[in-house]
Amino acid sequence: MSIHFRRAGSGEPLVLIHGIGHRHQAWEPVFDRLTAHHEVIALDLPGFGNSPVPDTGMPADMAATVAAMLPVLTEWGLERPHVAGYSLGGAIGLELAATGAVASATAFSPAGFFTPAERRRALAILRMLRANSRLPTPIMRVALRSAYLRALCFAPLMARPTLLDVDRAVGDALALRRAVGFNAVARASRDYRFDCLRLAAAAVPVTIGWGDHDRIFAVHQAERARAGLPAARVVTLAGCGHVPMSDDPDLVAALILETTGAVPRAPGPDPSVAA
């Protein structure tokens with residue numbers, strides 16, 4: 001399986017996994033913060049970004065996705081790396097942790113804690129964004145130069161979309177348009193639920209962060225994660241949306257680095273943990 005990735009830094013390896021319809025550049029706001037402590041590998045999932053659909057087709061479900069990822073990690077020479085992901089990538093990270101294949105997992109708004117209705121609503125929003133991305137590219141570039149239109153287009157994904165610059169906005173829109181794996185992943189999510197019991201048995205450090213302005217997977221889903229994973233650290237990210245790296249890169253990087261053990265966790269309770 002051919003996977004496109006960006007690799008930099010030194011230290012214990014840390015793999016970064018993006019969400020459905022996105023690309024590895026989603027991690028750019030925190031990438032340099034993380035490479036100061038880790039060898040960081042930010043990848044494009046199969047069928048997204050610059051990674052092609054595998055010759056055998058897209059994985060049929062989450063189990064097949066995880067099974068396909070394991071030999072890739074081995075090929076890259078990674079033995080039990082740390083992993084961080086959001087949305088689809090967050091779920092993949094938790095699934096890898098459940099297999100014991102990673103040293104720690106940090107998941108932001110992970111898939112798999114939704115109800116069927118919540119999953120359908122999330123996909124409807126993402127499909128609407130994908131339809132909007134099919135505007136002629138020159139028109140889209142002109143439109144996204146407007147801070148107001150950038151905010152309008154990316155508000156479902158970010159709490160502070162005005163922080164997104166024009167080049168990244170256009171690149172993200174084009175990545176969503178060209179995401180040939182989108183429909184296959186959407187279909188595969190139909191019966192997906194995260195099995196908390198499998199992760200509880202793995203006994204690896206896990207942090208789950210959930211933006212309190214998440215419009216894709218609403219923050220109340222964090223309560224299901226908290227109930228199902230009592231040993232995990234579950235944190236509400238104040239002022240953040242579904243893709244929190246753009247909203248608060250310092251907070252996101254800190255949570256990842258505290259989970260990997262690269263930096264000490266601040267003493268006392270998390271100020272942003274929901275009561």
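Seven salt bridges are found when the whole structure, a predicted model, is searched.

**Salt bridges**

- Side chains of opposite charge can pair when their charged atoms come close.
- Arginine 7 and glutamate 39 form a salt bridge in which the closest N and O atoms are 2.7 Å apart. Because arginine 7 belongs to strand β1 and glutamate 39 to strand β3, the pair ties together parts that are 32 residues apart in sequence. Arginine 7 has a relative accessible area of 33%, and is therefore partly exposed.
- Between arginine 33 and aspartate 250 there is a salt bridge whose closest N and O atoms are 2.8 Å apart. Arginine 33 lies in helix α1 and aspartate 250 in helix α12, so this pair ties together parts that are 217 residues apart in sequence. With a relative accessible area of 35%, arginine 33 is partly exposed.
- Glutamate 95 and arginine 198 meet through their side chains in a salt bridge, at 2.7 Å from N to O. This pair links distant parts of the chain, since glutamate 95 is in helix α3 (residues 88–98) and arginine 198 is in helix α9 (residues 196–200), 103 residues apart. Glutamate 95 counts as buried because its relative accessibility is 7%, under the 20% cut-off, whereas arginine 198 is partly exposed at 35%.

- Within helix α1 (residues 28–35), the buried residues are Pro29, Val30, Phe31, Leu34 and Thr35. The elements against which the buried residues of α1 pack include the strands β1 (5–9), β2 (13–17) and β3 (39–43), and also the helices α7, α11 (244–247) and α12 (249–260).
- Histidine 37 is placed in the loop between α1 and β3, and is partly exposed, with a relative accessible area of 34%.
- The C-alpha atom of histidine 37 is separated by 7.4 Å from that of glycine 9, although the two residues are 28 residues apart along the chain. Once neighbours within four places in sequence are left aside, histidine 37 is in contact with Ser10, Gly11, Leu257, Ala262 and Val263.

**The largest pocket**

- The lining of the largest pocket consists of 28 residues, and those nearest its centre are Leu129, Cys153, Phe154, Ala173 and Leu176.
- At least two lining residues come from each of the helices α4 (116–132), α5 (137–143), α6 (147–154) and α7 (166–177).
- Sorted by class, the lining of the largest pocket comprises 20 nonpolar, seven polar and one charged residues.

How values were computed
Residues numbered from 1 in each chain as written. Predicted model: local features only at pLDDT ≥ 70, side-chain atom pairs only at ≥ 80, totals over all residues. Heavy atoms only, no water. 1 Å grid on protein atoms, 1.4 Å probe; cavity = no way out; pocket = protein on both sides within 12 Å on 5 of 7 lines; lining within 4 Å. Helix = DSSP H or I, 4+ residues; strand = E, 2+ residues; numbered from the N terminus. Nonpolar A, V, L, I, M, F, W, Y, C, P; charged D, E, K, R; others polar. Buried < 20%, exposed > 50% of the residue type's maximum accessible area, 1.4 Å probe, protein only. Contact = heavy atoms within 4.5 Å. Salt bridge = Lys/Arg side-chain N within 4 Å of Asp/Glu carboxyl O.
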